[in-house]
Amino acid sequence: MPTKIRLQRHGRKGKPFYWIVATDSREKRDGKFLEKLGIYNPTTQPAIIELDVDNAVKWLRNGAQPTDTAKRILSYKGALLKKHLLAGVDKGALTEEEANKKFEAWLEEKNASIESASEKTQKAKEEAKQKALDAEREVNAKREAEAKAAEDEAKAAEEAAKAEADDATEETNEAESAEEESKEEKA
C-alpha cells in the first residue's frame, strides 16, 4: 500500500486549517486516513504547527512519502532530522544517546531562533504602533494649532467689527450732536 504523509484541509472558505495525516495515496485528499500526526494553521502569525514527531518518524521509516508541503513542515519540526539520526544509529555510526543529544541541541537552537524572530516581529509591531501614535499626535497638534489660529482670527475679526461698530456709533453720535447744536444755534 503506497502511504503518503500529506495535509488534509479543514476550516471554512478563506480560512484554511490543515491536519497532517498518514494516508493511503489512493484516498481522496479529505478522505479516510490511517493516522493523524498533527495540525497546521497557516492563518495565524506565526503559523501554528503541532506535530507528533515520533509517529511521523515511525511512518517515514516505514516508507511513507511526504508531499512537498508536508516535507517542509516535517523538516521544520525536525522529523526528517530525527529519521536521519536514527538511520545513523541503525548503521552503528551513532549511539542512541548521541542521536538524542544532537536532536535536543537542534531543537533548542531552533526554538531560540523562533523566539528571536517572534521578538523581532513583536518589536516591529510596537515600533509601527508608536510611529502611528506619534503621527496622530502630530496631526492632532497641527489641527489644534489651526483651530486656535482660526479662533484667534475670528476673535480679531469680531473685535475689529466691534471697534468699527463703536466708531460708527461714535460718528453717528457726533453727527447727531452736531445736528442738534446746529438746530439749537438756528433756533
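Let's start with a working term: two residues are in contact when they have heavy atoms within 4.5 Å of each other. The other labels used here are helices (H or I, at least four residues) and strands (E, at least two), which are DSSP runs numbered from the N terminus. This is a predicted model, so to speak of local features takes a pLDDT of at least 70, side-chain atom pairs count only at pLDDT 80 or more, and totals for chains, interfaces and linings use all residues. Residues are numbered from 1 along each chain as its sequence is written, and side-chain values use heavy atoms, with hydrogens and water left out.

H3 has 13 residues and runs 19 Å from its first C-alpha to its last, close to the 18 Å expected at 1.5 Å a residue (the expected span is 1.5 Å times one less than the number of residues). Its buried residues are Ala 79, Lys 82, Leu 85, Leu 86, Gly 88 and Val 89; buried means under 20% relative accessible area, exposed means over 50%, and partly exposed is in between, using a 1.4 Å probe and protein chains only. Those buried residues pack against S4, helix H1 (53-61), H2 and H4. After H3 comes Gly 92, with a positive phi near 90°.

Now for the empty space. Rolling a probe the size of a water molecule over the atoms shows where such space is left. On a 1 Å grid over the protein atoms alone, a cavity is a set of points where a 1.4 Å probe fits but cannot get out, while a pocket is an open set with protein on both sides within 12 Å along at least five of seven lines; lining residues have an atom within 4 Å of a point. Grid points are joined across faces, edges and corners, and a volume is the space filled by probe spheres set on the points.

By this rule there is one cavity of 30 Å³ or more, and the largest cavity holds about 30 Å³ of space. Its lining is made up of Lys 82, Leu 85, Leu 86, Ala 99, Asn 100 and Phe 103. Helix H3 (79-91) and helix H4 (96-186) are the elements that give two or more residues to that lining.

The largest pocket has a volume of about 430 Å³. It is lined by 19 residues, and the closest to its centre are Pro 46, Ala 47, Ile 49, Tyr 76 and Ile 114. Strand S4 (48-51), helix H2 (68-77) and H4 each give two or more residues to the lining, with H4 supplying the largest share, ten residues.

What about the aromatics? The structure holds three aromatic pairs, where rings of Phe, Tyr and Trp (its six-membered ring) pair if their centres lie within 6.5 Å; planes under 30 degrees apart count as stacked, over 60 as edge-to-face and the rest as tilted. One of them is the stacked pair of Tyr 18 and Tyr 40, 6.0 Å centre to centre with 20° between the planes. Tyr 18 sits in strand S2 (residues 15-24) and Tyr 40 in strand S3 (residues 35-41), so this pair ties together parts that are 22 residues apart in sequence. Tyr 18 is buried at 19% relative accessibility, and Tyr 40 is buried at 17%.

Phe 103 and Trp 106 also stack, at 6.2 Å centre to centre and 20° between the planes. They are three residues apart in helix H4, so about one helical turn separates them. Phe 103 is buried at 7% relative accessibility, whereas Trp 106 is partly exposed at 24%.
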